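Hi everyone, thanks for making time today. Let me put the sequence and the model up on the screen.

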Amino acid sequence: MSVHNVHERVLAARAAEVGALIDTLSGPGDRLWPRRAWPAMVFDRPLGIGASGGHGPVRYTVAGYVPGASVRFAFRAPRGFHGFHEFTVHAVDEERTVLRHVLAMDVRGPARVNWPLVFRPLHDALLEDALDRAESALTGTVRSPARWSPYVRLLRALIRLARRPR
């Protein structure tokens with residue numbers, strides 16, 4: 001099964017300002033990843049080609065990085081995820097820029113079930129939170145904040161329960 005998942009937002013900012021957000025990923029001053037509500041993006045070294053890490057159970061390696069413009073991550077886990085996800089910057093004009101996240105992968109084995117039932121709803125919610133964070137960082141406000149669906153809230157509650165010490 002092929003997956004092509006896109007999240008994007010037009011931001012009232014110059015391309016260089018939006019690109020600077022990408023450059024902060026996984027660092028101590030990360031202004032893009034919504035790590036207060038989601039597992040932090042962590043790498044074994046600063047953001048750059050070859051850095052290895054991920055967030056939660058999702059593991060990847062930085063396969064491409066153009067500072068201020070894009071970063072691509074190649075999946076290593078979970079099992080059955082074969083492809084990449086990336087953030088890219090696209091100038092609309094001098095004052096508006098699109099921040100885009102694309103996930104493109106083939107799913108095999110258990111991922112044929114766990115992608116649509118678990119990972120996709122959580123991924124979609126996380127990405128919308130990241131775009132809210134970008135908008136807030138660049139404009140000081142979020143025009144239309146993302147809201148988690150009841151299903152996402154249920155999944156997050158089940159994950160918390162499963163992680164509780166017994």
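So, in what order do the seven strands of the open sheet come? The order is S1-S7-S6-S5-S4-S3-S2, and the pairing is antiparallel. Strands here are DSSP runs of E with at least two residues, helices are runs of H or I with at least four, both numbered from the N terminus, and two strands pair if DSSP finds at least two bridges between them. S1 and strand S2 (42–43) each have a single partner strand and stand at the edges, so one side of each has no neighbour in the sheet.

A quick word on the source: this is a predicted model, where local features need pLDDT of at least 70, side-chain atom pairs count only at pLDDT 80 or more, and totals for chains, interfaces and linings use all residues. Residues are numbered from 1 along each chain as its sequence is written, and side-chain values use heavy atoms, with hydrogens and water left out.

S1 pairs with strand S7 (residues 97–107) in the antiparallel sense over ten bridges, and His7 stands opposite His101 in S7.

Beyond its neighbours within four places in sequence, what does Glu8 contact? Its partners are Val98, Leu99, Arg100 and Leu131, contact being heavy atoms within 4.5 Å. Val98 is 90 residues from Glu8 in sequence, yet their C-alpha atoms are 6.5 Å apart.
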